Amino acid sequence: MSELTVYQPDFLYRDGRFHSGASLHVGAHGRILPEGPVPEGARVVRLPGRALLPGLVNGHSHAFQRLIRGRTEYVAAGHGTDDFWSWREAMYRAAEALNPEEVYTASRQAFLEMLLAGITSVGEFHYLHHQPDGTPYVERNALAFEVIRAARDVGLRIVLLRVGYARAGFRVPENPRQRRFIDRDVDTFLASVQELAREMEGQAGVSVGLAPHSVRAVPREWLTTLAGLRGGNMPMHMHVAEQPKELEACVAEYGLRPVELLEELGLLEPRFTAVHAVHVTEDEARMLGEVGAGVCACPSTERNLGDGIVPADRLVNAGARLCLGSDSQARVDLLDEARQLEEHLRLSRVRRAVLDPGGGAVDGLAVRLFQMATVNGAKSLGLTTGALEPGTPADFFTVDLHHPSLVGASPSSLLAGLVFGADKAAVRDVAMDGRLVVKDGQHPRQEESSRAFHALARRLYS
């Protein structure tokens with residue numbers, strides 16, 4: 001790109017509101033510069049009929065699960081009902097079958113779909129590590145490299161949250177379908193994370209984090225070791241209190257609920273994010289909030305799996321920092337995740353605007369939800385994205401103000417219209433580090449990715 005690129009939309013979202021006539025100045029390094037007069041020689045990109053906003057941040061993803069969309073929506077023969085646990089068995093079919101190139105193909109399609117929805121950063125909770133029989137690859141992070149390659153090829157910023165997985169559960173027999181997930185011991189897990197971080201050092205748009213899978217998959221000894229790393233610079237994410245059975249097993253093993261166990265071990269801190277946190281008490285919400293920990297809600301997946309409703313009002317009131325994720329890729333639409341988070345609460349609390357911060361602002365609730373989808377997600381992943389501020393990466397997306405789902409919105413109602421009513425097809429342009437990777441709703445690798453993904457799905461499911 002030239003020394004300076006100036007993006008000129010009709011409206012630019014900054015500091016919690018839309019500004020008319022504002023422009024976004026981006027330096028050659030892809031960082032946002034202070035707004036000022038447009039110098040001679042600058043590349044000016046006019047975006048008439050568009051509003052420009054900071055890129056959305058997807059805090060929790062299992063990219064390969066894009067393959068199972070639409071393939072688990074039934075009760076299997078011999079089962080009276082379907083739930084998370086029976087869904088998990090169906091998910092394993094894809095997890096067991098993929099070779100490294102197919103992990104790339106599945107991930108690329110999921111990541112491309114994210115970009116088309118305005119998502120510019122993802123936290124990829126990656127737990128496929130080994131060959132199908134459990135033997136490590138010669139390059140032990142081979143599958144992580146394929147996932148990262150997929151993100152880089154489509155232009156998506158990625159935080160590879162390398163998962164630690166030790167066992168099937170407390171007093172649960174070894175499950176051969178989990179062989180690809182399991183590391184021999186916590187030292188092997190940490191060595192893999194550190195090696196991956198070294199390999200990715202200096203790679204634009206790539207960073208690495210820690211992800212002990214859950215209290216059912218990681219025993220106390222592992223968690224104690226990880227707690228000893230407190231104060232490091234890597235984000236740490238963990239599935240927490242997603243399912244009632246998880247709580248029951250944790251109480252049986254430790255006499256404590258999951259959040260209570262994590263608090264006792266000293267794992268809760270600002271860089272820690274509890275994914276889901278569906279089944280948490282007032283006291284557990286307070287434990288998370290007191291240390292400024294994050295919570296990543298994934299409403300479309302939690303609804304799809306019958307997990308339950310995230311008590312977001314309880315968590316927000318306690319001071320926890322909420323962000324959003326697409327998780328199983330049942331849908332890839334982070335603004336829809338935001339509206340579901342609020343609307344699920346409306347059904348359970350039997351009232352409207354549950355998460356409204358008060359004060360009577362027309363867009364107060366929309367601003368709070370949009371912050372979850374941007375700033376809070378970035379903080380959860382240790383990124384400086386999420387807001388269009390000088391010195392930060394120029395990650396953004398635009399929406400078409402004339403799209404049927406947005407037409408008629410005024411500047412004061414535009415954000416609420418976007419969060420609560422826009423179709424993701426309204427997203428038109430997407431940039432990472434100031435470089436447009438989606439232009440007018442099209443990605444240059446869209447057709448290629450679709451063909452490869454279709455062939456992979458046919459191989460697995462025909």
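By class, 11 nonpolar, 8 polar and 3 charged residues line the largest pocket. In this classification Ala, Val, Leu, Ile, Met, Phe, Trp, Tyr, Cys and Pro are nonpolar, Asp, Glu, Lys and Arg are charged, and the others, Gly among them, are polar. The model on screen is predicted: local features need pLDDT of at least 70 and side-chain atom pairs count only at pLDDT 80 or more, whereas totals for chains, interfaces and linings use all residues. Residues are numbered from 1 along each chain as its sequence is written, and side-chain values use heavy atoms, with hydrogens and water left out.

**Stop 1: the largest pocket**

Select Val206, Ser207, Val208, Gly382 and Leu383, which lie nearest the centre of the largest pocket among its 22 lining residues. S9 gives the most, with 3 residues. Helices (H or I, at least four residues) and strands (E, at least two) are DSSP runs, numbered from the N terminus.

The volume of the largest pocket is about 420 Å³. A pocket is an open set of points on a 1 Å grid over the protein atoms alone, with protein on both sides within 12 Å along at least five of seven lines; a cavity is a set of points where a 1.4 Å probe fits but cannot get out, and lining residues have an atom within 4 Å of a point. Grid points are joined across faces, edges and corners, and a volume is the space filled by probe spheres set on the points.

**Stop 2: the cavities**

Rolling a probe the size of a water molecule over the atoms shows where empty space is left. How many cavities of 30 Å³ or more does a search of the whole structure find? The search finds 4.

For the largest cavity, select Phe84, Met91, Tyr127, His213 and His239, which lie nearest its centre among 19 lining residues. Its volume is about 180 Å³. H1 supplies the largest share of the lining, 5 residues. By class, this lining has 8 nonpolar, 7 polar and 4 charged residues.

The second largest cavity, with a volume of about 60 Å³, can be found by selecting its lining, which includes His62, Phe64, Val103, Glu124, Tyr127 and Val147. Helix H2 (100-116) and strand S7 (119-126) are the elements that give two or more residues to this lining, and S7 gives the most, with 3. The lining of the second largest cavity has 7 nonpolar, 3 polar and 1 charged residues.

**Stop 3: aromatic rings**

The structure holds 10 aromatic pairs. Rings of Phe, Tyr and Trp (its six-membered ring) pair if their centres lie within 6.5 Å; planes under 30 degrees apart count as stacked, over 60 as edge-to-face and the rest as tilted.

Select Tyr13 and Phe18, an edge-to-face pair at 5.1 Å centre to centre, with 65° between the planes. Both Tyr13 and Phe18 are buried; buried means under 20% relative accessible area, exposed over 50% and partly exposed in between (1.4 Å probe, protein chains only).

Next select Tyr92 and Phe181, a tilted pair with 5.9 Å between centres and 55° between planes. This pair links distant parts of the chain, with Tyr92 in helix H1 (residues 84-97) and Phe181 in the loop between S8 and H4, 89 residues apart. Tyr92 and Phe181 are both buried.

Then select Tyr104 and Arg149: the charged end of Arg149 sits over the ring of Tyr104, 3.7 Å from its centre. The criterion is NZ of Lys or CZ of Arg within 6 Å of the ring centre and within 35 degrees of the ring normal.

**Stop 4: positive phi in two loops**

Ala241, which is not a glycine, has a positive phi of about 55°. The residue lies in the loop between strand S10 (236-240) and helix H6 (244-254). Because its relative accessibility is 1%, Ala241 counts as buried.

Val350 likewise has a positive phi, near 55°, and is placed in the loop between helix H11 (334-349) and helix H12 (364-373). Is Val350 buried or exposed? Val350 counts as exposed, because its relative accessibility is 70%.

**Stop 5: helix H8**

Finish with helix H8 (residues 282-290), where Glu284, Ala285, Met287, Leu288 and Gly289 are buried. An α-helix has 3.6 residues a turn, so residues three or four places apart point the same way. The buried residues of H8 pack against helix H7 (258-265), strand S11 (272-276), strand S12 (294-297) and helix H10 (312-318), where contact means heavy atoms within 4.5 Å. Gly292, with a positive phi near 70°, follows H8.
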